[in-house]
Structures are given as structure tokens and as C-alpha cells.
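This report is meant to be read beside the sequence and the model.

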Amino acid sequence: MDVVIALYSPQSTPRFRWAAKVFFAKAMKAKLVHYSDAEAFANAEGVRVNYSPVTMEGSFHISPQGLLWEHEIVEQELFTSRWNGLPILCQRTIGDLPFDPLSATFFLVSRYEEYLPFIADAHGRFPAKDSFAYANEFLDRPLVNEWALAVGKMIFGDGFDLAHHYSYRTTVDIDNLFAFTGKGALRTIGALAQDLAHLDFANFRDRMLVHFGLRRDPYNTFRKQRNLNKNAGVPTTYFMLLAEFGPRDRNVSPHSTKAAVKLREIADWAEVGLHPSYASDSDLDRVGKEQKMLQEIIRRPIAQSRQHYLKMRTPSTFRNLVELGIQDEHSMGYAELPGFRASIACSYTFYDLELEAELPITIHPFAFMDSTYADYLGYTAEQAEQAMMAWIAPVRKVGGALISTWHNRTFAEREPHWKGWVNVYKKFIDAAKA
């Protein structure tokens with residue numbers, strides 16, 4: 001169904017234009033045409049939506065709540081109620097809807113609350129449990145997409161459907177390309193000494209076998225991943241941590257020849273983006289250096305990224321990425337809990353609330369990480385499989401883009417709590433593929 005929205009508003013702000021695009025064009029998949037002239041709107045083609053305090057004959061009426069006309073960042077007194085089984089906010093008493101979906105979309109998707117003072121976690125991150133979505137029990141829902149589907153049925157009829165827009169992408173963070181290979185002489189000697197000090201003779205033996213070329217490095221599971229993804233027909237993006245060694249950045253040396261060879265191999269069959277290091281969330285020069293190294297290794301531009309530890313500062317991290325030419329950002333999610341951090345399951349451009357401007361970088365929210373279930377929540381492989389499968393149907397129904405995040409070490413199944421996870425991955429991508 002080719003859907004066209006003629007949207008009228010007597011006033012306009014950057015907030016309004018961005019929120020309308022996110023809700024109608026991105027979530028509802030409609031062609032959007034703005035009107036500020038009432039006479040031109042009355043003769044407009046498509047379904048007419050009137051976003052103003054006054055009703056207009058022959059148009060669907062949304063009464064503005066007011067957030068989109070503001071120009072400052074202040075604490076918002078919002079609460080949720082229910083409409084057609086959906087949580088809603090920015091309630092209204094007039095109009096064809098009991099809430100303003102554009103203001104509600106703006107509050108949630110812009111991450112408005114992350115511009116306000118908050119108590120950060122140990123990594124300087126905004127905690128999932130402090131979010132409005134968690135407090136109101138809809139963190140697990142692509143709520144903006146659900147609103148778009150419900151409103152779409154109201155204005156286009158019950159035949160309105162979005163499921164055919166559904167897509168799935170698998171992404172893999174490479175925090176450590178190899179377990180033992182490419183670490184350099186000093187790190188290798190230190191690791192061997194530590195193995196002996198802890199009487200970890202199995203690890204000592206494996207490290208030596210890999211070092212002398214008698215066994216494949218346990219984290220070098222990329223061919224297995226390639227075959228699984230190829231058989232399922234799912235697109236794949238890898239995010240490579242390429243930083244100088246540090247307490248939270250323990251990948252192979254960025255100068256390792258073996259690492260360069262492996263990365264070029266991966267880049268031949270999958271998209272490769274940058275995994276900016278732990279200390280880089282507010283350091284433009286550091287990210288730029290890491291980006292340059294990765295570009296030189298794989299010999300192509302790097303325009304995608306996901307922050308290591310999902311460590312980001314809103315909006316400075318995104319401004320830095322824009323300056324470096326990053327076009328697609330994949331950090332919009334939480335480490336400690338699965339769910340939709342921005343309450344949306346489709347891509348959208350970043351809105352900088354401090355500048356009151358849309359930035360030229362596209363955000364791709366993900367639903368969950370493997371490590372969230374295994375490390376933070378302590379799920380077994382069987383429990384995680386059941387939880388992961390539950391994401392597919394809701395996102396498919398609203399025509400969303402489902403993205404999952406994994407780590408290459410998961411496929412090694414080396415640590416006890418990762419046993420059985422390769423089978424979980426295979427079952428999940430087979431079920432989630434478009």
C-alpha cells in the first residue's frame with residue numbers, strides 16, 4: 001500500500017519536523033508532505049493530518065501537547081496511561097487520539113532524559129533502570145512503531161500493514177580478535193607467567209599450542225560465523241576494537257600483521273565498522289586515530305561504528321562521529337538489560353537537543369546483546385534462546401528492523417557459560433531472518 005500523509009501545522013520548529021519524520025516516514029513508512037497554509041492543505045492529496053489545536057473538516061486531528069514548540073531542555077512531568085492496549089504519554093483531551101504521538105516520539109527517541117542530570121553507572125553510562133521506559137514497563141516494546149501501526153490503521157483502514165517492511169541484521173563486536181595470537185612478546189610472556197601463577201595448566205598448554213601454530217586460536221571463529229550467516233542469508237556487520245592496550249581495551253595489537261590479514265578476510269564478506277575504544281567516547285582525536293588505522297588495514301573508508309562498552313555521552317559522542325565522517329551508529333541499546341533504549345525498532349537520524357538540529361548520522365538501535373543475557377542476567381543458553389526468540393514477532397508485526405549484537409568469543413564456547421551458544425545463534429538467525 002502506497003501511503004501519503006499530508007501534515008498540516010500552522011507553526012514549525014526543528015523538533016516538529018524531525019519528530020514528524022521519525023513517526024510518519026520512519027515508523028509508519030509513509031511519504032510525508034508538510035503544509036503550513038490551510039487552503040493548500042484543504043486541497044492536498046493523500047490522507048490529511050491536522051496537527052494544531054483547532055479541528056479542520058475532513059482531516060485526522062492530533063492536538064499538540066506543546067513539547068515540540070519548546071526551545072529549552074527542562075524536566076518533563078510525564079506519565080503513562082493506556083490506549084488500545086498500548087502505553088501512551090503526552091495525553092490530550094481533544095482530537096482523534098488521546099495523546100500526541102509526535103511529542104511522545106520526540107521525548108523517547110531523542111533520548112531527552114539523557115540530557116538531564118542523572119547518576120551514571122561505573123562506566124559513565126546512563127543506567128537502563130533509570131529510564132522512563134523501564135520505570136513504565138515498556139522497555140521491551142518497540143512502542144513508537146506500535147503507535148505508528150495503530151494510528152496507521154485508524155487513518156488508512158484495517159488493511160494497513162507494515163510487516164512486509166521487517167528486516168533482520170546480525171552484528172558482531174570484536175573486543176578481542178584472538179585469544180592468544182597477535183598480542184606481542186611482552187603480553188604473551190606475561191600471560192604465560194600468569195597462567196602458571198594461577199596453576200592454569202590447560203590455558204598454558206593451549207596458549208603454547210596456538211603460539212607454535214599447532215592449534216587454531218580459539219577466538220578465530222569467523223569462518224564458522226560466515227558459514228552460519230551465509231546459510232541463513234542474513235546480512236552481517238562487524239565492529240572492530242583497534243586501540244592501544246589498556247585495562248578496558250585488551251584486543252590484539254593494532255600493528256599485528258596476523259590481525260590485519262584476518263580483518264581483510266572478514267571485510268571481503270561482511271561490512272566492517274569501528275568499535276571506538278573505552279576512553280574514546282569524548283576524545284575526537286583518539287577515535288580519529290583508531291578510524292584511520294582501521295581504514296589503512298582494510299583499505300576502505302570506515303563510516304559505521306559502535307561504542308565499546310556502549311560508552312557514550314549525549315550529544316558529544318555523536319558530534320565527534322559526525323566530524324569524522326561516521327554515517328551509521330549502532331550503540332543505541334543497553335548493556336545490562338535487553339530492550340529498545342529509544343523505544344523504536346527502526347533507523348532514524350540523531351537529533352541534537354542542545355543545538356536544536358538534526359545531525360547527519362543515522363542511529364540503528366539494537367534489541368539485545370548476547371553478553372546481556374549471559375553475563376549480566378546469568379541466563380543459560382536455553383533460557384537465552386527463549387528470551388531472544390520473543391523479540392522476533394513484535395518487531396516483525398510493526399515492520400521494524402531487528403538487530404542483535406554478538407561477540408566473536410561467544411562462538412568459541414571456551415568459557416563454561418558460553419557452552420551451547422553456537423546452537424542458540426543458529427536457531428535464532430534462522431527464525432529471525434526476513
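## Basis

This is a predicted model, in which local features need pLDDT of at least 70 and side-chain atom pairs count only at pLDDT 80 or more, while totals for chains, interfaces and linings use all residues. Residues are numbered from 1 along each chain as its sequence is written, and side-chain values use heavy atoms, with hydrogens and water left out.

## Nonpolar cores

A nonpolar core is a set of buried Ala, Val, Leu, Ile, Met, Phe, Trp, Tyr and Cys residues joined through side-chain atoms within 4.5 Å. Buried means under 20% relative accessible area, exposed over 50%, and partly exposed in between (1.4 Å probe, protein chains only). The largest core has 123 residues, and those touching the most other members are Phe24, Met28, Trp147, Leu402, Trp406 and Phe428. Helix 5 (residues 143-156) supplies the largest share of this core, 9 residues. Helices (H or I, at least four residues) and strands (E, at least two) are DSSP runs, numbered from the N terminus.

Leaving aside residues up to four places away in sequence, the contacts (heavy atoms within 4.5 Å) of Trp147 include Phe23, Leu86, Phe99 and Leu108. Another core, of 5 residues, lies apart from the largest one; Leu310, Ala335, Phe366 and Met369 are among its members.

## Helix 8

Helix 8 (residues 222-232) has Phe222, Gln225, Leu228, Asn229 and Ala232 as its buried residues. These fall within an arc of 125 degrees when seen down the helix axis, so they line one face of helix 8. The arc is taken from the directions from the helix axis to the C-beta atoms. Lys230 and Asn231 are exposed on the face turned away from the buried side.

The cover over the buried residues includes strand 7 (167-174), strand 8 (236-240), helix 9 (257-267) and helix 15 (421-432).

The buried residues Ala381, Ala384 and Met388 of helix 13 fall within an arc of 60 degrees down its axis, so they line one face. Glu382 and Gln386 are exposed on the other side. Among the elements covering the buried residues of helix 13 are helix 12, helix 14 (392-397) and strand 15 (401-407).

Leu377 sits in the loop between helix 12 (370-376) and helix 13 (381-389). Its relative accessibility is 32%, so Leu377 counts as partly exposed.
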